[in-house]
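Take a moment to look over the model below.

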2 protein chains.
Amino acid sequence: MKITKFGGSSLANAFQIQKVCNIVLSDEERRVIVVSAPGKRTKDDIKVTDLLIAVAKARLGGSSYTAELDKVIARYEEIADELNIEQVMPDIIERLNNIASADYTDDIKYLDSVKAMGEDCSARLVAYYLTKEGHKAKYCNPAECGLYLKHDEAGKAVILDETYDNLAKLKDETDILLVFPGFYGVSKENEIITFSRGGSDITGSILAAALDAEVYENWTDVDNVYAVNPSLVKNPFPITEITYDEMRELAYAGFQVLHEEALYPVYIKGIPVNIKNTNNPVAKGTWIVSNRTHYDSLVTGIAGDKGFCTITINKYMMNRQVGFLLKLLGIFAEEGISIEHLPSGIDSVTIIVRKKYFTPEKEGKIIARIQHELDCTDIKVEHDLAIVMIVGEAMANSVGIMARAASALSNAGINLRIVNQGASEISMMFGVAESYCSYAVKVLYKELFRY
Amino acid sequence: MKITKFGGSSLANAFQIQKVCNIVLSDEERRVIVVSAPGKRTKDDIKVTDLLIAVAKARLGGSSYTAELDKVIARYEEIADELNIEQVMPDIIERLNNIASADYTDDIKYLDSVKAMGEDCSARLVAYYLTKEGHKAKYCNPAECGLYLKHDEAGKAVILDETYDNLAKLKDETDILLVFPGFYGVSKENEIITFSRGGSDITGSILAAALDAEVYENWTDVDNVYAVNPSLVKNPFPITEITYDEMRELAYAGFQVLHEEALYPVYIKGIPVNIKNTNNPVAKGTWIVSNRTHYDSLVTGIAGDKGFCTITINKYMMNRQVGFLLKLLGIFAEEGISIEHLPSGIDSVTIIVRKKYFTPEKEGKIIARIQHELDCTDIKVEHDLAIVMIVGEAMANSVGIMARAASALSNAGINLRIVNQGASEISMMFGVAESYCSYAVKVLYKELFRY
């Protein structure tokens with residue numbers, strides 16, 4: 001059995017939705033469809049989710065939201081019209097109106113309930129269309145199916161353990177196509193909770209894990225994941241196979257393929273993920289697997305991400321001071337700043353953090369605490385670090401990748417602020433100035449793929 | 001004013017001691033002489049300190065120690081005889097006998113008191129000789145001068161703060177050469193406490209700091225510190241100037257020039273250290289300074305040291321687990337294992353420790369705790385890591401050293417297990433298999449110095 005999840009571009013209009021249905025119907029193993037909200041039809045279009053956010057914000061701001069809601073309705077009307085299922089619209093319009101105008105006590109809960117309507121209406125519409133076309137299909141309500149979530153302390157949606165047992169019951173429904181809205185679940189109090197943006201990927205992964213799927217198909221609008229960001233390099237090398245671990249490392253440095261949390265449920269069960277193209281279903285796509293069967297290249301992918309800061313602390317004979325590192329990490333933990341990496345010298349240590357969390361206020365407080373509690377005066381903060389990763393399982397024991405990478409960067413005049421290789425056998429990391437980020441990725445790609 | 005400290009080879013026989021006295025007398029700024037115990041006269045000779053340890057061990061083991069003590073006495077007799085100061089011997093023999101045969105309650109304290117006699121007798125002998133030759137000189141008793149030490153929890157000798165004030169009073173004795181025994185001080189209860197082996201360097205450094213010396217001269221038997229271990233490379237590049245920080249980094253990876261703790265007192269005061277050769281006093285030697293005045297080469301030195309272990313921990317989505325690193329470091333701290341370095345991947349972290357502390361018992365306990373407390377199963381321990389360091393302030397902002405170093409190692413077929421650059425601006429670190437340690441140092445030297 002296969003779980004098939006379709007992204008926003010696959011739901012953007014009637015033509016795309018017909019492709020989705022053809023894909024699902026062409027393989028009887030495809031029993032569960034997870035759908036996103038309609039995405040952009042053209043480059044300058046607005047995604048339905050963004051339209052819904054505008055509705056909620058208007059309401060929360062005390063202004064009229066009807067103009068915004070009309071835009072949402074217009075999107076579904078256009079689709080229904082082209083699919084000749086205008087009959088579905090009264091129900092969809094009523095639901096949208098009811099949710100948008102509902103009483104609320106909590107702004108965040110209200111916003112979540114409105115945002116979730118994009119996926120919910122997509123699922124209802126697709127189920128209706130399939131049924132009308134003569135196929136056995138039904139909309140699945142996450143609340144009724146028991147897709148239970150809660151908020152953690154940070155406000156992030158996390159999955160309750162029982163969700164997997166609840167969803168496993170869908171295994172019994174073997175004679176009907178299940179159309180499941182992505183992106184959201186409900187609390188035990190039956191309030192809607194959404195994942196963070198892109199969270200339909202997580203819904204698909206949870207279903208794949210709960211139903212012990214043979215494969216989790218994630219349908220998007222590209223033939224493959226590529227070895228490098230296609231906006232940087234023309235005709236980049238396609239990745240046909242990649243492990244979960246490799247994907248994690250590349251995602252860390254900016255590879256945007258799946259939602260970061262989406263791989264975890266299928267990773268635990270070892271269910272392979274197949275990234276495929278709705279617009280070219282015959283393309284084999286990219287397989288994300290536990291263990292690779294083949295390598296097309298020594299390096300799997302190269303990625304770079306900006307937005308890091310470094311805090312470098314020097315103290316003579318630091319490494320003789322027992323517990324120094326522990327106290328230092330304690331300060332960051334107490335201030336709620338997550339440490340990304342921690343390269344150390346003999347009498348120095350650099351702490352790498354994400355800029356978005358390391359606010360000027362936090363910076364001031366942390367620096368003061370280090371000075372005071374650790375008696376350090378030589379502290380240097382830099383705010384413009386980019387991290388570039390070279391990832392590939394095949395390079396684990398290969399001598400010379402570091403040499404080639406460092407030489408290529410050096411010949412291109414790029415100064416290496418940080419070099420880190422060793423903890424992970426499948427990656428090496430370079431820290432460069434942010435302004436060099438894309439250039440460094442291109443230089444490395446040229447060296448390691450255009451050989 | 002200059003503090004002059006002489007090592008064991010400079011005290012090994014009468015001829016060497018005459019050189020020492022000539023050196024001291026040739027510059028009237030040399031007011032304080034710190035002496036070691038007589039070292040080896042020939043390659044197969046035994047140092048007086050080792051003879052004294054044999055005396056103490058015989059006594060502690062319940063056997064006769066007289067044969068061992070006679071060897072010590074014979075060394076001083078030979079020197080006194082050649083210097084024509086036989087008159088000094090009855091006093092020295094009586095002191096040695098008294099200490100060796102003294103009642104004791106604590107084995108370690110007894111051992112310390114016997115070990116310290118090597119330096120003590122050297123100082124008495126040199127002071128006697130200088131006086132007899134017509135110079136104003138006197139032996140300084142560390143107990144009377146107030147060189148106070150205590151043992152820390154780990155049994156290591158640490159300097160009491162008041163020691164510096166006490167020794168500062170020696171400033172007043174401007175008309176006489178002070179001959180100070182290295183290697184030991186006393187507790188507030190007047191019991192002898194020795195530093196760890198090579199600790200005469202520390203005595204000299206304390207005196208330099210206490211007396212605000214203009215320079216701390218450390219006299220040994222080589223013209224210079226070299227950019228690489230001279231046993232690995234013929235005619236290695238001499239270091240004419242090096243900073244305290246560079247020296248610390250090289251010492252970490254096995255450079256044995258000064259006792260590791262000896263630099264701290266002079267570092268704090270910014271007093272330059274001049275490493276000089278008793279056998280070639282006109283050589284300018286190596287200067288250890290706060291801030292360099294010149295660079296002879298891009299890289300200052302290359303060193304390698306064996307004896308490290310790595311513990312690599314993999315856990316999917318580790319970097320999303322808040323406080324993971326802190327808990328991990330807590331386990332090592334609670335088990336008393338000092339962490340040397342901590343390179344991290346995205347879902348992995350490697351902990352580098354010194355093998356000598358990471359016993360099989362500690363290893364078992366720590367692994368079990370990581371498995372249990374952090375729910376990690378993918379833990380890999382490797383016991384054969386060597387660390388090779390390239391150190392040089394001049395390479396701080398130079399592009400390409402990493403590339404050249406990595407390429408040289410790669411071309412030599414050496415696999416880089418760990419690469420760490422960034423925290424310290426003055427060094428880069430490579431982790432290689434122990435069996436490649438010397439080879440890697442030679443390869444790097446050839447690349448970076450024989451250009």
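This is a predicted model: local features need pLDDT of at least 70, side-chain atom pairs count only at pLDDT 80 or more; totals for chains, interfaces and linings use all residues.

Which cysteine sulfur is closest to the sulfur of Cys21(B)? That sulfur belongs to Cys140(B), and it is 15 Å away. A disulfide needs two cysteine sulfur atoms within 2.5 Å, so this gap is too far for a bond. Cys21(B) is also buried, with a relative accessible area of 3%. Now turn to chain A and find Cys121(A). The closest cysteine sulfur is that of Cys140(A), 16 Å away. Again, the distance is too far for a bond. Cys121(A) is buried too, at a relative accessible area of 0%. Over all chains, the count of disulfides comes to zero.

Charged side chains give another count. There are 66 salt bridges over all chains. Take Glu173(A) and Lys138(A), whose side chains meet in a salt bridge with N and O 2.9 Å apart. Where do these two residues sit? Glu173(A) is in the loop between helix 8 (162–168) and strand 6 (177–181) of chain A. Lys138(A) is in strand 3 (residues 137–139) of chain A. The pair links distant parts of the chain, 35 residues apart. Is Glu173(A) buried, exposed or partly exposed? It counts as partly exposed, at 28% relative accessibility. Lys138(A) is partly exposed as well, with a relative accessible area of 30%.

Move to chain B for a salt bridge between Glu335(B) and Arg369(B). Their closest N and O atoms are 3.0 Å apart. Glu335(B) lies in the loop between helix 12 (324–334) and strand 16 (348–354) of chain B. Arg369(B) lies in helix 13 (residues 360–374) of chain B. These partners are 34 residues apart, so the pair links distant parts of the chain. Both Glu335(B) and Arg369(B) are buried.

The loop between helix 12 and strand 16 of chain B also holds Glu340(B). Glu340(B) forms a salt bridge with Arg354(B), with 3.9 Å between the closest N and O atoms. Arg354(B) lies in strand 16 of chain B, so the pair ties together parts that are 14 residues apart in sequence. Both Arg354(B) and Glu340(B) are buried. In chain A, salt bridges that share partners build a network. Its members are Glu334(A), Glu335(A), Lys362(A), Lys365(A), Arg369(A) and Glu373(A).

Next come the rings. Tyr316(A) is buried, with a relative accessible area of 9%. Tyr264(B) is partly exposed, at 36%.

A ring cluster includes residues of both chains: ring pairs link Tyr244(A), Tyr264(A), Tyr267(A) and Tyr316(B).

Within chain B, look at Phe6(B) and Trp219(B). Their ring centres are 5.7 Å apart and their planes are at 20°, so the pair is stacked. Phe6(B) is in strand 1 (residues 2–6) of chain B, and Trp219(B) is in strand 9 (residues 215–220) of chain B. The two are 213 residues apart, and the pair links distant parts of the chain. Phe6(B) is buried, with a relative accessible area of 0%. Trp219(B) is buried, also with a value of 0%. Elsewhere in chain B, the charged end of Lys188(B) sits over the ring of Tyr148(B), 4.5 Å from its centre.

Finally, step back to the two chains. A rotation of 180° with 0.0 Å of shift along its axis superposes chain A on chain B, with an RMSD of 0.1 Å. That is the relation of a two-fold axis. The same surface serves both copies, as 100% of the contact residues of chain A recur in chain B.

Key: Residues are numbered from 1 along each chain as its sequence is written. Chains are lettered from A and ligands numbered from 1 in the order in which they are written. Side-chain values use heavy atoms; hydrogens and water are left out. Copies are superposed by least squares on the C-alpha atoms of residues with pLDDT of at least 70 in both. Contact means heavy atoms within 4.5 Å. Buried means under 20% relative accessible area, exposed over 50%, partly exposed in between (1.4 Å probe, protein chains only). A salt bridge is a side-chain nitrogen of Lys or Arg within 4 Å of a carboxyl oxygen of Asp or Glu. Helices (H or I, at least four residues) and strands (E, at least two) are DSSP runs, numbered from the N terminus. Rings of Phe, Tyr and Trp (its six-membered ring) pair if their centres lie within 6.5 Å; planes under 30 degrees apart count as stacked, over 60 as edge-to-face and the rest as tilted. A charge sits over a ring if NZ of Lys or CZ of Arg is within 6 Å of the ring centre and within 35 degrees of the ring normal.
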